[in-house]
Amino acid sequence: METNKQIGYIGTYTKSESEGIYTFSLNTETGEMTDIKLAAALDNPTYLSISSDNQFLYSVIKEGDAGGVASFRLLDEKLEIINKQMTEGAPPCYVSIDSEMSTIFSANYHKGTVESFLIDKKNKSILPAKSIIKLQSQGDGQHPHTHYAAPTPDEKYIIAVDLGIDQIIIFELNEGTLKEKNSFPVNPGSGPRHLVFHPNGKYVYVMTEFSSEVIVFTYEPDTASLTHLQNIPTIPEDFQENNQGSAIHISSDGRYVYAGNRGHNSIAVFGVMPESGKLKFIEHTSTEGDWPRDFALDPTEKFVVASNQNSNNLALFSRDQITGKLTLLHSDISVPEPVCVKFLKTN
């Protein structure tokens, strides 16, 4: 790969014009996104995960009345299907993989489940589900809607976020089998959706969908426990229209946290206070489109790509690595129904 060329993949909904997973190139010298093209045709590959060696891509998938996860081999920016594991009912909304490329994890919003799948060491196919954990409804009429499941930094545990029962749940992981260890409630009605760990592993930042805020916790890996530190809003106090929080990401130096707002159509930029892990608000940046479902920092972290689902466009920003602030470069990058963007990793 050229040193100034970053390759990315776009997960989409296929309710209208999209045909599946798309790929693109980002030139980090010119700040141009080009070569947008279909990489694999499939239904509703809304969320993607790429293996640590850049050899494989994993996607959620829908086929008729069934949903599941699919594995692909990456071949010259094209995707070759390896296999898929399907079950009846709605597909998952999130997929992740451990660094050893041994286990896949998915979160299913409609079923309220967290699932684990082992990967065959020889042919890299996905084996049938090892665990399917159905989260429990609460007595006050709350029903589970799981939106995120991924390994903790030390990969001893799987941490899941459920916006229906307002909980963060941590599972023990034993050869692909999940067993609930701890759960942590957040304010009722806040709707925790996604989270990200600080690179030092000591802090966790949780994005909420309904209350539009970031919840900050400390994380204790020995006991797999969370301690609340802070709640900070992601939208202006005077914004009264509908907003639903979306994605959250952190720079690799741990200095800046970015949170997406659907409705306000912005990315909120926060600075991380190194002595406490708490956040301080810096600015809002418009995503120049409607309903930014997710966004991504490129591997150089000099750029951010936001995916505006309802306006069928990506927006490309340059990122000041000193201040954390974003500057719009292009907003007319046409992609149908984009949901998430994932880049190939670089050394």
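A polar contact here is a pair of N or O atoms within 3.5 Å; within protein, one must be able to donate a hydrogen and the other to accept it, and residues adjacent in sequence count only if both atoms are side-chain atoms. This is a predicted model, where local features need pLDDT of at least 70 and side-chain atom pairs count only at pLDDT 80 or more, while totals for chains, interfaces and linings use all residues. Residues are numbered from 1 along each chain as its sequence is written, and side-chain values use heavy atoms, with hydrogens and water left out.

Select E209 to begin. You'll land in the loop between β17 (203–208) and β18 (213–220), strands being DSSP runs of E, at least two residues, numbered from the N terminus. E209 counts as buried because its relative accessibility is 8%; the cut-off is under 20% relative accessible area (1.4 Å probe, protein chains only).

The side chain of E209 makes a polar contact of 2.6 Å with that of R193 and another of 3.4 Å with that of R262.

Now keep R193 selected and bring in Y13, T46, Y47, C93, H147, H194, R293, D294 and V339: together they line the largest cavity. A cavity is a set of points on a 1 Å grid over the protein atoms alone where a 1.4 Å probe fits but cannot get out, and lining residues have an atom within 4 Å of a point. β16 (192–197) and β24 (292–297) each give two or more residues to this lining. About 80 Å³ of space lies inside, the volume being the space filled by probe spheres set on the points, which are joined across faces, edges and corners.

How values were computed:
Helix = DSSP H or I, 4+ residues; strand = E, 2+ residues; numbered from the N terminus. Buried < 20%, exposed > 50% of the residue type's maximum accessible area, 1.4 Å probe, protein only. 1 Å grid on protein atoms, 1.4 Å probe; cavity = no way out; pocket = protein on both sides within 12 Å on 5 of 7 lines; lining within 4 Å.
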